[in-house]
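Here is a short briefing to read alongside the model. Please keep the viewer open and follow along topic by topic.

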Amino acid sequence: MCGAAHVVANDIDPMAAVATHMNSELNGLQPPVCLTHNIMGSPPAAFHLILLGDIWLNRCMETHGTKVLIGDPGRAQFEEHAIRRLLRPLAQFELPDSVREENYGLSCSGVWSYTPEL
């Protein structure tokens, strides 16, 4: 959110909006607008950057040139998913021991760029 003029957070789970607000406050940031209805049907041209988590499980999406980044902690269903052929790895981060314990032993998290033109 650093440097962004406008941020919209979206998750169909209302608790994600609560967590987003808490995380923003803990980090001294103004909480973003949090929408709890699915905005995946919105025109991507309305956004400069889209950050995704679990949404890749559902379907590929048309980006119309909008940059899309996907984060995943190396879950088996992601490793085997057909969308992987449309992703380019950007970064990988080792997870702290406490996070590994909470996440079934997953040891690292990756950030991928979605490139449907591949």
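Accessible areas here come from the Shrake-Rupley method with a 1.4 Å probe, and for residues only the protein chains shown count as cover. With that in hand, the chain exposes about 8,200 Å², of which carbon and sulfur atoms supply 56%. Please bear in mind that this is a predicted model, where local features need pLDDT of at least 70, side-chain atom pairs count only at pLDDT 80 or more, and totals for chains, interfaces and linings use all residues. Residues are numbered from 1 along each chain as its sequence is written, and side-chain values use heavy atoms, with hydrogens and water left out.

**The chain as a whole**

- The secondary structure comes to three helices and six strands; helices (H or I, at least four residues) and strands (E, at least two) are DSSP runs, numbered from the N terminus.
- Reading from the N terminus, the elements follow the order β-α-β-β-β-α-β-α-β.
- Of the 118 residues in the chain, 24% are buried; buried means under 20% relative accessible area, exposed over 50%, and partly exposed in between, with a 1.4 Å probe and protein chains only.
- Taking contacts between residues at least 6 apart in sequence, 43% join residues at least 24 apart, where contact means heavy atoms within 4.5 Å.

**The four-stranded sheet**

- Four strands form an open sheet in the order β3-β4-β6-β5, and the pairing is mixed; two strands pair if DSSP finds at least two bridges between them.
- The edges are taken by β3 (49–52) and β5 (87–94), each with a single partner strand, so one side of each has no neighbour in the sheet.
- On average, neighbouring strands of this sheet are turned by 20 degrees against each other, direction ignored; axes are lines fitted to C-alpha atoms, for helices over the stretch in contact, and angles run from 0 to 180 degrees between N-to-C directions.

**Strand by strand**

- β3 runs parallel to β4 (residues 67–72), and four bridges join them.
- Within this pair, L49 has K67 as its bridge partner, L51 stands opposite L69, and L52 is partnered by I70.
- On to β5, which runs antiparallel to β6 and is joined to it by seven bridges; here R88 stands opposite S113 in β6.
- Six of the seven residues of β6 (residues 108–114) are buried, so this strand is largely enclosed by the rest of the structure.

**A closer look at K67**

- K67 sits in strand β4 and counts as partly exposed, at 47% relative accessibility.
- Leaving aside neighbours within four places in sequence, K67 is in contact with H48, L49 and I50.

**Loop and surface**

- P43 lies in the loop between β2 (33–35) and β3, and counts as exposed at 55% relative accessibility.
- P43 and T63 are 20 residues apart along the chain, and their C-alpha atoms are separated by 8.3 Å.
- M15, V18 and M22 make a nonpolar surface patch of about 300 Å².
- Patches are made of residues with over 30% relative accessible area and no salt bridge, with like charges joined within 9 Å and nonpolar side chains (Val, Leu, Ile, Met, Phe, Trp, Tyr) within 5 Å; a salt bridge is a side-chain nitrogen of Lys or Arg within 4 Å of a carboxyl oxygen of Asp or Glu.
- V18, one of the patch residues, belongs to helix α1 (residues 14–26) and is partly exposed, with a relative accessible area of 40%.
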